[in-house]
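Here is a short tour for someone meeting this structure for the first time. Look over the sequence and the fold before reading on.

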Amino acid sequence: MWKTEKNRPYLITGPCSAESEEQLNTIANQLVEDHLVDMLRAGIWKPRTRPGSFEGLGEKALPWLSAISTRLNLPVCIEVANSSHVELALKNNITNFWIGARTTVNPFYVQEIADALVGTNASVLVKNPIHPDIELWTGAVERFQKVSGEEVGAIHRGFSSLQTSKYRNIPRWEIPIELKRRFPELFIMCDASHIAGDRNLIAEVAQKSIDLGITGLMIETHPNPDQALSDAKQQVTSQSLGLIIKQLVLKSSSAGSQVFIDQLEELRAQIDKIDEDILQAISSRLELTKEIGSYKKDNNVTVFQLERWNEILQTRGLTGDRLHLRKEFIHRLYETIHSESIRIQTEVIENDLAS
Ligand code: PEP
Ligand code: MN
């Protein structure tokens with residue numbers, strides 16, 4: 001499952017929504033002819049934010065997809081959001097599913113779908129939940145792994161946010177990376193279309209995912225993207241997709257040449273040493289924190305001192321500037337260190353009180 005012989009990432013392509021038998025046949029034929037599809041996607045039941053938008057053709061599109069799968073010898077996948085979707089799909093010999101972002105948020109739905117898959121040989125790709133909650137994503141993967149074993153993968157589609165961003169859904173790349181750390185064997189792909197939200201941004205999102213070692217791409221494709229009934233702005237023709245894929249610079253996670261490996265090892269050894277020094281320094285800093293905690297206690301002073309905190313942020317920000325470190329990074333770093341200091345000081349004071 002999810003492996004390709006071709007010299008490009010594994011591709012799940014096809015329209016956001018199935019709109020007609022003709023539309024599905026046209027795009028499937030084009031994609032196969034252009035070698036741009038390993039699994040065809042099409043939304044049948046569309047979860048729309050507001051009522052009144054196109055909500056998909058439903059059940060009647062299932063036999064069309066099934067016929068395409070047979071005719072072109074091509075796996076197809078659809079989104080399922082409840083157990084009756086699963087049952088209808090299985091009746092039409094469709095056995096590859098993805099779980100949408102709006103479904104992953106709800107463990108009840110996830111469990112209902114997982115239960116419907118018991119005893120089938122279905123494959124499931126779990127999209128991240130709409131908001132950046134790694135635990136929900138992890139939980140959904142675990143629920144499906146219990147019933148579908150190795151036929152479970154994940155799709156990173158970015159996260160809804162009030163933060164302004166040029167993307168429709170902010171990528172927060174550290175989250176799929178954390179998922180990979182938790183499930184080293186899990187196949188993870190990037191839904192560059194739903195992250196980008198704009199067809200002109202798909203290439204850069206796809207490249208970024210490849211740079212991070214994500215080995216599959218989901219990209220929405222349509223014979224006539226501007227006329228698409230859903231997600232028109234982010235869909236591309238097979239021809240445009242060809243250009244996007246051709247321009248990707250592929251990376252491998254392990255290097256071939258011995259010289260490269262040696263150099264990488266040398267740099268990593270230097271980093272290991274620096275990390276050791278950083279942790280030593282943090283440990284010494286937190287030791288001093290304990291002393292300050294007792295001192296504050298003896299003098300009846302509050303643990304949190306706003307003035308001191310502002311001064312730390314300001315001076316460390318300036319040092320950061322001098323060292324070409326981003327303000328935002330310094331801020332986050334010191335928030336983490338400072339909250340640990342406060343935790344330790346509070347503990348010191350509480351222990352003193354208890355003794
Ligand atoms: C889709 O893939 O068309 C879709 C609705 O995706 P998401 O669940 O990521 O919003
Ligand atoms: Mn879509």
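Which residues of β6 lie on one side, and which on the other? Val 152, Ala 154 and His 156 are on one side of β6, while Gly 153 and Ile 155 are on the other. All of them are buried, so both faces of the strand are covered. Strand β6 spans residues 152-156, and five of its five residues are buried, so the strand is largely enclosed by the rest of the structure.

**The overall picture**

This is a predicted model. The chain has 355 residues, of which 43% count as buried. Its secondary structure consists of 13 helices and eight strands. Along the principal axes, the C-alpha atoms fill a box of roughly 80 × 50 × 35 Å. The chain is divided into two parts: domain 1 covers 10-247 and domain 2 covers 258-354. Taken over C-alpha atoms, the centres of domain 1 and domain 2 are 41 Å apart.

Take the contacts in the chain between residues at least 6 apart in sequence: 73% of them join residues at least 24 apart.

**The barrel**

Eight strands close into a barrel. Their order is β1-β2-β3-β4-β5-β6-β7-β8, and the pairing is parallel. On average, neighbouring strands of this sheet are turned by 25° against each other, direction ignored. Strands of a sheet pair through backbone hydrogen bonds, either parallel or antiparallel.

Two of the pairings can be followed in detail. Strand β1 (residues 10-14) runs parallel to β8, and five bridges join them. There, Thr 13 stands opposite Ile 219 in β8. Strand β5 (residues 123-127) pairs with β6, also in the parallel sense, over four bridges. In that pairing, Leu 125 stands opposite Gly 153 in β6.

**The metal site**

Which residues are the protein donors of the manganese ion (ligand 2)? They are Cys 16 (SG), His 194 (NE2), Glu 220 (OE) and Asp 231 (OD). These donors lie 2.1 to 2.4 Å from the ion. Along the chain they follow the spacing C-x177-H-x25-E-x10-D.

His 194 and Glu 220 link distant parts of the chain, 26 residues apart. His 194 is in helix α8 (residues 192-196), and Glu 220 is in strand β8 (residues 216-220).

**Helix α9 and its cover**

Helix α9 runs over residues 202-211. Its buried residues are Ile 202, Val 205, Ala 206, Gln 207, Ser 209 and Ile 210. What covers them includes β7 (187-191), α8, β8 and α10 (238-247). Just after α9, Gly 213 takes a positive phi of about 85°.

**An aromatic cluster**

The structure holds two aromatic pairs. A pair of aromatic rings is described by the distance of the centres and the angle of the planes. The table gives both values for each pair.

| Pair | Arrangement | Centre to centre | Between the planes |
|---|---|---|---|
| Trp 2 and Phe 187 | stacked | 5.3 Å | 10° |
| Tyr 10 and Phe 187 | edge-to-face | 5.8 Å | 80° |

Trp 2, Tyr 10 and Phe 187 form one aromatic cluster. Both pairs link distant parts of the chain. Trp 2 is in the segment before β1, and Phe 187 is in strand β7, 185 residues apart. Tyr 10 is in strand β1, 177 residues apart from Phe 187. Trp 2 is buried because its relative accessible area is 7%, under the 20% limit. Phe 187, at 13%, is buried by that limit. Tyr 10 is buried as well.

Most residues other than glycine have a negative phi. Trp 2 has a positive phi of about 55° although it is not a glycine. Asn 300 likewise has a positive phi of about 55° and is not a glycine.

Where does Asn 300 lie? Asn 300 is in the loop between α11 (258-298) and α12 (306-322). Its relative accessibility is 75%, so Asn 300 counts as exposed, whereas Trp 2 is buried at 7%.

Definitions and conventions: Residues are numbered from 1 along each chain as its sequence is written. Chains are lettered from A and ligands numbered from 1 in the order in which they are written. This is a predicted model: local features need pLDDT of at least 70, side-chain atom pairs count only at pLDDT 80 or more; totals for chains, interfaces and linings use all residues. Side-chain values use heavy atoms; hydrogens and water are left out. Domain bounds come from an automatic or database domain assignment. Donors are N, O and S atoms within 2.8 Å of the metal (3.2 Å for Na, K and Ca); water is not among the atoms, so sites may look incomplete. Helices (H or I, at least four residues) and strands (E, at least two) are DSSP runs, numbered from the N terminus. Buried means under 20% relative accessible area, exposed over 50%, partly exposed in between (1.4 Å probe, protein chains only). Contact means heavy atoms within 4.5 Å. Two strands pair if DSSP finds at least two bridges between them. Axes are lines fitted to C-alpha atoms, for helices over the stretch in contact, and angles run from 0 to 180 degrees between N-to-C directions. Rings of Phe, Tyr and Trp (its six-membered ring) pair if their centres lie within 6.5 Å; planes under 30 degrees apart count as stacked, over 60 as edge-to-face and the rest as tilted.
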